[in-house]
Amino acid sequence: MRLKGCAYPVTNMPSNLPLPLDGIRVTDFSWIVAGPQATRILADLGADVVKVENESYLDSMRIGLKQDADNPSLNQSGFHSSLSRNKRSITANLFHPKGREAVERLLAVSDVVIENYSAGAFARMGFPWEHLQEINPSLIYVSVSGFGHVGRDASYGTWGPTAQAVSGATAMSGLPDQPPAGWGFSYLDHSAGYYAAIAVLMALHHRARTGEAQHVDMSQIETGMAVSAVPMLDYQVNGRTYERIGNRSRHPATAPHNTYRCAGDDRWIAIAVDDEAQWASLCDVLGLDALCDDPRFVDMTTRKAHEDELDEAIAAVTCERDPFDLMLELQGRGVPAGVCQRTDDKQERDPQLAERGFYPTAPHAELGEHRYEGLPMQFSGARWRMDRGAPLIGEHNHAVLTELLGYDEEEFASMVSELAI
Amino acid sequence: MPNSSSAPHEGPLEGLRVLEIGDLGEVAGKLLADAGADVIRLEPPGGGRSRHVGPFVDDDPGQPSLLHASRNTSKRAVTLDVTQTAGLAIWQRLVGLVDVVIDATTPTFLDNLGGGWQWAEGQSDLRDCVWCSITPFGRTGPRRDWVVNDLVQLALGGPMMSNGYDDHQLPPIRPDGEHSIAVSNEYAVSGLLAALWMRNAGHPGQLVDVSIHEAVSATTEGAFPNWEYFGRLVQRQTGRHSSPAPTAPWQHLAADDEHVCLINGGLPRGGASWTGLLDWMDEYDAAADLRDPQYQELLFRDPRSNPEGRLHVARTIGDFVQRLPADEVYRRGQSLHFAWGTVRRPEENLDDPHWADRDFFWEGACPGVDQPVRYPGAPYRFTRSPVRLRRRPALLGEHNHEVYVGELGLTIAELREHLEAGVV
């Protein structure tokens, strides 16, 4: 099919291949972004992820970025639909004994339970690890909190930007003569989700080998520190404190390596020259042959020593050029270059993402047919799925309770009337 | 039947054997190795890229690289020139020893030599092999062979247009740390573990084709739904989320010249936090007009109304925190249930006792360094199967003898011959 405004046809994955995690069931108490990102990956890979919800502990992503602000609904957030696609939803009232019993029955037939509340909150809701083990000794429990469940500051709270600030990720982003720019989104919510999906899979492998289930205690801030090893080692070994470098390259010390303004409104291109052949090609494409002969720029060492003048000379030319034309020309000459793409560039004008089927479409009962970001991988003997957007709240109450948990119709009706679910 | 229990030191991936080649998959290999897998990193005889990229010990390029150390804990290391006929033959035998190949070369390098997935797929004795390819754009598509690096990947994938400053005369910003490798490798580990799960259930091994461009493109958060559902583009802002419309500042310079991050402009999420904050501000005579009941009303009764009033509250809180040291803003704010943080440089975490309580940093040897160093550990604490530092980063070719003679069955004379011919 072809979507309005999109230059490319949309291709969805073939559906006759198996899903890698078919048969795995996840009870999902997660909310906002970090936990749902983890269970999104598991659901895309075929796990049956059952999101346990209730208006008393509602996933606030259901409220934000609504498509129709005048039509109150908990089902109209496209952001939520992206994060909770392919999952099922039940509502359970944990203050009602029957609602709690339904959740415990679900836990009893699940492989994994995951939550990303503040440390200790899930236990206070009645689900400490010891009780989870009583309900189901095979159940793997993954908790994702800001500082982890262990440690003197475990009670502290985070959102993505807090975690980024404390971890060092914010300080490592920005120009040297400016304040930290940080990340323009909750990077560590996504990173924590990626690591939590890994943790689930590792714990499943361990259980398959040994029969042991376990609690995995994850810290969102630690996901940021785990990718900051280089400055930490540099500090310990060479005594160097971290200094921001903007878009330049300190290691390796190459130049030019920066973003340059192009023609158009706030359009930029990244160019990174790694060797002398690329440098010669860049000068040729930009019509800056004189730069090649300039003693300030004859090799990498001199270019690095005169990087301000070098960047100025390049930017003086790129600002007249269309960024996409320039990117194609430079790539045609083997020079690493890429437009700083906006989302519309990626969704409507990126032939690579289009050919790989990265934005498949799927239906949603209230949002209709929309595109979704894909899983960034393809399998030769399996598939990931993009079957449907996020579930309506409580959409699968009947199916989960009657087909999976063994309630009969009469019991189900009474639970509905008693507001247990 | 599974065993009844694991030994206390065993990681969750104990028993898994992995072969890693190429320069874009070192993080994936490390995640597996720290979790107990036996990961053999294979490098050309001159060493892989990370050994030649700084920072170096003592800033001496003749000393070991700290970039290499950061990505190669717990692995073994062998050298091999797979472009030579004898090297290719050894490579093919090595593949037969492992469960997983992390192939982070190019989409065609190993296939052109006759030792890639196309070859492995046809070998009946390699039916169980999971082949995880990590490349800049994946193994198919019109831009498959484009030349890129981390900066270019973060430009093309979209994060840069969300990161930067309110002043758009300043460029979009690429956060430092090769995050394109981080996120793609994190996805790769999920993908290859999922493929292993299938294999262990009786399916054949398979190719997992991971695209760094797609992994980065999937990591831009609100930029996607804003475009898909509203046709809006988000704009970069200093120290806070990109947004279709400007929002109040979140980041402030505290009195000790350190920055603090006040999520959502520092606005409270609960009445107790708000009362506590006002009491705190009163200690500095900084509450201004915030005790006026209208602000309590607009913050908690109808949070979406009166954006100007909310902006006034955020600015007043911002003015207040600029009068305090950053650590006081952080700690006292947290005690009032504000999820605020200090903007730390990464090394400032080394001495935070909270991380010591969690045993987050792993002390161990580092090549070229006399004293033990502390490596950032794993962000997950497995209660039954520890993820931990299993061995220091290996020297170039350190395990050639162990692997080639001890495990592959070459004679010492054959290994010597290959060394002399530059095959290993």
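Two strands pair if DSSP finds at least two bridges between them. Strands (E, at least two residues) and helices (H or I, at least four) are DSSP runs, numbered from the N terminus. In chain A, strand 7 and strand 8 (residues 268-272) run antiparallel and are joined by 5 bridges.

This is a predicted model, in which local features need pLDDT of at least 70 and side-chain atom pairs count only at pLDDT 80 or more, while totals for chains, interfaces and linings use all residues. Residues are numbered from 1 along each chain as its sequence is written, chains are lettered from A and ligands numbered from 1 in the order in which they are written, and side-chain values use heavy atoms, with hydrogens and water left out.

**The sheet in chain A**

**Pairing across the chains**

Strand pairing also links the two chains. Strand 6 of chain A and strand 15 of chain B pair in the antiparallel sense. Asp217(A) stands opposite Arg381(B) in strand 15.

| Strand | Partner | Bridges |
|---|---|---|
| Strand 7 (chain A) | Strand 8 (chain A), residues 268-272 | 5 bridges |
| Strand 6 (chain A), residues 215-219 | Strand 15 (chain B), residues 380-382 | 3 bridges |

**The interface**

Contact (heavy atoms within 4.5 Å) takes 152 residues from chain B and 153 residues from chain A. The chains bury about 13,300 Å² between them, 62% of it on carbon and sulfur atoms. Buried area is the accessible area (1.4 Å probe) that two parts lose on being put together, summed over both. Trp197(B), Phe224(B) and Tyr229(B) supply 6% of the area that chain B buries against chain A, more than any other three residues.

There are 13 salt bridges between the chains, each a side-chain nitrogen of Lys or Arg within 4 Å of a carboxyl oxygen of Asp or Glu. One of them joins Asp357(B) to Arg152(A), with the closest N and O atoms 2.8 Å apart. On the side of chain B that touches chain A, helix 8 (residues 179-200) of chain B gives the largest share, 15 residues.
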